[in-house]
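Subject: Structure handover

Hi,

My notes on it follow below.

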Amino acid sequence: MAPPAAASPHADTALVLTGGGARAAYQVGVLQAIAAVRAACGERRGPAPFAILTGTSAGAINAAALACGADQFDHTVRRIARVWASFHAGQIYHADWLNVMRQGARWLTLLSLGWALTRWRRTHPHSLLNNAPLAQLLTQLVPLQRVPHLIRTGHLRALAVTASSYNSGQHVAFFDAGDAQRPWAHSLRKSARGPITHTHLLASSAIPLVFPAAPLSIDGHMEYFGDGSMRQTAPLAPAIHLGAQRLMVVGTSRSYEPPPPCAAGTRQPYPPLAVVAGHALSNIFLDALATDIEHVGHVNRILSLLTPEERSRSPLRPLELLVLVPSQSLDEVAARHVCDLPRTIRALLSALGVQADGRDGSDGALASYLLFERGYTRALMALGRSDTLARRSEICAFFGWHDRGNPVRLPCY
């Protein structure tokens, strides 16, 4: 019999991790800095300072990995960071010549000549890349069997990961929480209670066209699900439905990306397919978060104008937000690391118009999602740590930590 649930001082605090493929390395750097700041403040180590964890795409994997060690936050962050700091693409998708030719090259061929090959085609390639290695990595990195126990003992209040159904078009938040938590539903988005599995994580992180969809059971039947960032009009909603009143949100893009410089009177060349694909993925992964944060700000301002009695009658409640996003363009960082990718993947991306010399940050947009190479992931982790430490006072105020001014000790790679 499990011991009674312990009261958590952060029971209404949520961590929201967005998607972005390899860009999610930035989130790991943020978590490292959070752990280091907590230690510098002399706070008791142990459980995570968030009781509610929600994630989308690669952010779902980070959230789930963190949830599995919610009772040992510092140890769990170090464990996650070791994986991200030593990544190579082959841990996420097959990057050898045979598999790339079988999967990616064939997919591009059918994309361009499919009309001529239809009569001979017997099988349809499901995606540009095969992410079977990721399934093996998840079994080692994310021991999901611990989640129900951590919920029962009060170390974790809820875990939710999102995915989008290719069959029904609905956006679904799959969650595991205590029995008192009720499911929710809105137009084209709903929730589904049940244990989170590695298949849920594969579905949530299945970047459209790049990785294959994953089958999940819902409402008594199977549907194929892809990346949770698709049709995610309200990224903050799952955490709010799960009872969060204070949300720490870690994005993987600046809230505003300035346009690249362009000399007056010049005509820009037609964008290659890689730029179009990178722009489309940015629209899927990044744009909804800024809109949802702005919406929460509007609600908070409206509630501040109401009397206490009026607020008590309203179904809305004010939310405290702490949003951390990169201070630099991750596309530009990625453009400098395209050469780190395996030759096979560089050849595949080259066919789409990606340059490997880092001259143009726009070439890095598509690569930024696939660059599971330690040079890139370590650069993003370092940026996450730096950005978080720059807001140390806000971090301490958000969690209620007393900043003693002690130096912060960060890991070096």
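A residue counts as exposed when its relative accessible area is over 50%, and as buried when that value is under 20%. Asp 219 has a relative accessible area of 59%, so it is exposed. Please keep in mind that this is a predicted model.

Asp 219 sits in the loop between β7 and β8 (221-227). Its phi is positive, about 55°, although Asp 219 is not a glycine.

Leu 209 has a positive phi too, about 75°, and is not a glycine either. You will find Leu 209 in the loop between α7 (198-204) and β7 (214-218). Its relative accessible area is 57%, so Leu 209 is exposed.

**Overall picture**

The protein chain holds 16 helices and ten strands. It has 413 residues, and 52% of them count as buried. Take the contacts with a separation of 6 or more: 76% of them join residues 24 or more positions apart.

**Strand β1**

How many residues of strand β1 (residues 13-17) are buried? Five of the five are, so β1 is largely enclosed by the rest of the structure. In a regular strand, side chains alternate between the two faces of the sheet. Both faces of β1 are covered. Thr 13, Leu 15 and Leu 17 are buried on one side. Ala 14 and Val 16 are buried on the other.

β1 has these strand partners:

- Strand β9 (residues 246-250) pairs with β1 in the parallel sense, over five bridges. Here Val 16 stands opposite Val 249.
- Strand β2 (residues 52-56) also pairs with β1 in the parallel sense, over four bridges. Here Leu 17 stands opposite Gly 55.

β1 and β2 also belong to a β-α-β unit with helix α1, and the unit is right-handed.

**Helix α1 against helix α16**

Two packed helices are described by the angle between their axes and the distance between the axes. For α1 (residues 25-40) and α16 (residues 392-399), the axes come within 11 Å and cross at roughly 75°. Angles of 65 to 115 degrees count as roughly perpendicular, so α1 is roughly perpendicular to α16.

Which residues make the contact? From α1 they are Ile 34, Val 37 and Ala 40. From α16 they are Arg 392, Ile 395, Cys 396 and Phe 399. By class, the contact has six nonpolar residues, one charged and no polar.

**Phe 399**

Is Phe 399 buried or exposed? Its relative accessibility is 6%, so Phe 399 counts as buried.

What does Phe 399 touch, leaving out residues up to four places away in sequence? The partners are His 10, Thr 13, Ile 34, Pro 49, Phe 50, Arg 246 and Met 248. Some of these tie back to the elements above. Ile 34 is one of the α1 residues in the helix contact. Thr 13 is one of the buried residues of β1.

Pro 49 is 350 residues away from Phe 399 along the chain, yet their C-alpha atoms are separated by 7.5 Å.

Best wishes

Notes. Residues are numbered from 1 along each chain as its sequence is written. This is a predicted model: local features need pLDDT of at least 70, side-chain atom pairs count only at pLDDT 80 or more; totals for chains, interfaces and linings use all residues. Side-chain values use heavy atoms; hydrogens and water are left out. Axes are lines fitted to C-alpha atoms, for helices over the stretch in contact, and angles run from 0 to 180 degrees between N-to-C directions. Helices (H or I, at least four residues) and strands (E, at least two) are DSSP runs, numbered from the N terminus. Angles under 35 degrees count as roughly parallel, over 145 as roughly antiparallel, 65 to 115 as roughly perpendicular and the rest as oblique. Contact means heavy atoms within 4.5 Å. Ala, Val, Leu, Ile, Met, Phe, Trp, Tyr, Cys and Pro count as nonpolar, Asp, Glu, Lys and Arg as charged, and the others, Gly among them, as polar. Buried means under 20% relative accessible area, exposed over 50%, partly exposed in between (1.4 Å probe, protein chains only). Two strands pair if DSSP finds at least two bridges between them. A crossover is right-handed if, with the strands pointing away from the viewer, the path from the first strand over the helix to the second runs clockwise.
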